[in-house]
Amino acid sequence: MEPVRVGSGGQQRGLAPTIRPHKLPPPHSLFPTSTTTSTLASSFASRKRRLNKKLSCRGLISKMADHDQAKVVAADVVSRDMIFQPILEDGVFRFDCSEEARVASYPSLSFICSKDRDTPIMSHSVPSYAPTYECVSGKQIVKFKFPDGTSFYGTGEVSGQLERTGKRVFTWNSDAWGYGPGTTSLYQSHPWVLAVLPNGEALGVLADTTLRCEIDLRKESIIQFIAPSPYPVVTFGLFASPTDVLKSLSRAIGNILTILDLMGLLNLFSAPTQLLFCGCLVNCPLISCVNAFGPFTYWALVVRTVFMPPKWSLGYQQCRWSYDSDERVREIARTFREKGIPCDVIWMDIDYMDGFRCFTFDKACERFRDPLSLVKDLHDDGFKAIWMLDPGIKKEEGYFIYDSGSKNDVWIKKADGEPFVGEVWPGPCVFPDFTQSKVRAWWAALVKDFTSNGVDGIWNDMNEPAVFKTVTKTMPESNFHLGDEDIGGCQNHSHYHNVYGMLMARSTYEGMKLANENKRPFVLTRAGFIGSQRHAATWTGDNLSNWEHLHMSISMVLQLGLSGQPLSGPDIGGFAGNATPKLFGRWMGVGAMFPFCRGHSEKNTNDHEPWSFGEESGAIDIYLSSAVTAKSLPSTFCEEVCRLALKRRYRLLLHIYTLFYLAHTTGTLVATPTFFADPKDPGLRTTENSFLLGPLLVYSSTIADQGMDRLHPVLPKGIWLRFDFDDSHPDLPTLYLQGGSIIPLAPPHQHVGEANLSDDLTLLVALDQNGHAEGLLFEDEGDGYEFTRGGYLLTRYIAKLQSSVVTVSVSQMEGSWKRPRRRLHVQLLLGGGAMLDSWGIDGDVVKINMPTEVEVSSLVSTSEKQYRTLLECAKHIPELEEVSGPKGVVELSKDPIEVKNGDWIAKVLPWIGGRIISMEHLPSGTQWLHSRVEIDGYEEYSGTEYRSAGCSEEYSVIERELEHAGKEESLILEGDIGGGLVLRRQISLRKDNPKILQIDSGIIARSVGAGSGGFSRLVCLRVHPVFTLLHPTETFVSFTSIDGSKHEIWPESGDQFYQENLLPNGEWMLVDQCQGLALVNRFNINEVYKCYIHWGTGAVNLELWSEDRPVSKQSPLTVSHGYEVRRIS
């Protein structure tokens, strides 16, 4: 098939956008034409010659991928249209710069089968939106333009906001301990953007390159990718909804080809049929069968989209770096059971090893002297055990793993051909080259043997790969990998860096599969690439114990799902730092609803188990008004809130497991943003404190002083009925079920192994406006692969309201399992938490007689009163802090530090970037800063990038002078911003000039290495205050420039930079005409090189930027400035 060139500027010229229903291609499009076959043969032959050439580079590593790529598109190219071919299925298109670029592109590591991306199909579809490209200095710049009002999501594992417009991401897997909302590279790389158009239609864009890629979404409605050329871009859609896009993506990056009895077959026969899969003709039966709806025929071709997790892995999991002995592990497990807090897994971090040597146990010191005995005890008490394995293998002769790896030549090489040695936890380490199948087999064999110690799951950490004592925090890009031809051949590390973690996780997964074919492997990986969900779950890395990271954790989990990875979650409570009781309890309430649910914390922090935040107060028995009879209310302290939260999860586990089955088989998501309930509603697209689990809406509060009793939820359109388990609490999320839905509930067991098919089954029912509802329940052994051979039961339940009677029954069944004999409890939601109950036998029809409208209204009113009483009587978890600073540093509580004198009172948070959260002018009673504890206010950065280092680090209080004897009140703070640099800030209120709030800041070199000539990295001191606009239409910025020109900048003028002669001449002011006040900011023009104005919603930034340069001990960067409030006429 010849490629087609499309017009620039977005849509295909002369054609309106079309929505293509996504489905398997029609049979005629699955057979390659002679032209296609000829083109493919030429393409594959060309690529094979290129890769063979690269494989010959074992002695001459200079011929690396980036050099070869530069030959393809060597000259700069101005904006041009890309060529496209339909691939995979209807609505999916591959774009390339040229025929030559298409042939020269490297194999795909995101697609399950690279040939799917390289093989065109017969289709009459054309793209609704098409990109243009430029080539500049060896970089390929691809740009898409969408209609105004388009929202962007995805980009994988990213911090910060849910809707990504205005953000920029760099795909480069990085060890990002303590990352902030502005960090541009985290542990995983997903060069993928989901675009949701104003009308709710959606399209996905994948830049299919493993190399470092810039995803630039800073301009509204424009997607731009920048990466070394050439690379293809694949679009999925335009489709009717975001869900359709994600299902199409999942079929591209999915898992395995299998034949599956999908429909509970009564009659089955096959006829030989060939389908095109992985670029090859595959024999695949055509299935004819009969079900309750009559005979039908379908292709028995199923692409798994995410590995099916064992059911126990969806329970709660407890981890710490580290439980330092097997006795401590037993104590943790025993305490969970004694306190009745559900839990399924205990994790072992690196301290179980002998000197951090992978595949060993610390038996010499008797800390983990008998792992088999430990695991047996855990299994006996219903726990699974997961153990960590890192890629860094200690370089030590006599260590059996190192000796074996050296004998088999498995290590990554330096440019000179010698194994690369980098320092990690064990000291000097070598690293397996997972790009080679022989190395993956070697690692898998080690994993197979390792699991004989009773290992239930494996945790791959540090696999970006992280390397200590190097500025880049990873290995040199000049290292090389002797990769297999089918994944790209011999390439330098820059080519394989982003997929190293994914390939390691794949090897670990395959090793666990070898150990026991009848068990589903469970692997957790820190580093990954788009497609990692085929083999591993993930978590959001080394987060912080603060409210900002609690809030971000929701968006981060959702972004990973929107990028193809449904099984993820954060370290509940935060990894670094000490969570407060309220923060931990609130986080557990939300985290218990995430797909992956694990608590984890680092060394040298307080214990972070659910019971570690104060003594139990016991249950409070309160007899309320006659509306509530003898209601027993929980204690509301952190432990009890955690217990309630985890019991919720276990009640909902049947529903969550069913969602994972659907994700596994169809590519639907497990957790989705709230706007998925109504993609056309722009008001939902930036909602970050709620999310969906199928039809279940989880609405939470992530603000410390705002519990659910003070929050007014904003819900999608339609029917959303609140419910609880008599456990509503201000620190727990509120749950809603969408009208038209049925979800299954289970008893709140202590672990998954306690569950039995004969347990009572509860169906929670919410009728739609037509009196209908339906839902699914998937049941199988919870482990193993019998479900792929029909060994399961998938039940579709329906509810109908007819003549004031609601009937609940089974409408359809799939699988070979017989329905267990069990009681069925139906709970029909009426609104306001009120419900009607009825009991029956599962499989039989259960009926509920509906009361009159007056009676329903009374029930709802009574339930609402009970709910409010529960929240009002509940005692909030206290926000207690225990903070001790290092020697020489003032010990402070977590209350803000006040600096007060004369006209001003300022409040400072040393532990969050030294942020000033309040600047109150006492004479006028005006609060000038727009801030909350976690964000905004007055911040300072060490670079030109928004929220670069300096704004989120913990600052130390170096000196504090209180007002006395006519002296100033001042506060001096310092924050370590890395690379031997500190950001130092002095806040002063002088007695002799009480009208001025003075701030003197600087970036100072403390320990810059001699190897750099005593100079640091390039830094810029960027002062970033966010001022509130009480009267936005009456507020402007005024100043006189150095050249004498006068300026009034109003909000509608947009963002503005001023420098050189247009720089304000040492003073500018924020004028509020309505108040008759001006906030005057004076600064030293010899220190400030640029001023920046950014107007936001109800706020404005007035930024001062220093020059951009390295610093030394003799040449710091400084910015001195002060604020004064002036009356204006």
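Let me begin with the basis. The model is predicted, so to speak of local features a pLDDT of at least 70 is needed, and side-chain atom pairs count only at pLDDT 80 or more, while totals for chains, interfaces and linings use all residues. Residues are numbered from 1 along each chain as its sequence is written, and side-chain values use heavy atoms, with hydrogens and water left out.

I turn to the cysteines. A disulfide is taken as a pair of cysteine sulfur atoms within 2.5 Å, and by that rule the count is zero. Cys 638 is in no disulfide; its nearest cysteine sulfur belongs to Cys 642, 4.0 Å away. Is Cys 638 buried or exposed? Buried means under 20% relative accessible area, exposed over 50%, and partly exposed in between, with a 1.4 Å probe and protein chains only. Cys 638 is buried, at 1%, and Cys 365 is exposed, at 58%.

On a 1 Å grid over the protein atoms alone, a cavity is a set of points where a 1.4 Å probe fits but cannot get out; a pocket is an open set with protein on both sides within 12 Å along at least five of seven lines; and lining residues have an atom within 4 Å of a point. Grid points are joined across faces, edges and corners, and a volume is the space filled by probe spheres set on the points.

How many cavities of 30 Å³ or more are there? The count is eight.

Finally, the second largest pocket has a volume of about 1,500 Å³. Of its 42 lining residues, Gln 161, Lys 167, Asp 936, Tyr 946 and His 1094 are closest to the centre. Domain 1 (80-257) and domain 3 (897-1127) each supply at least three residues to this lining.

Note on methods. Domains from an automatic or database assignment.
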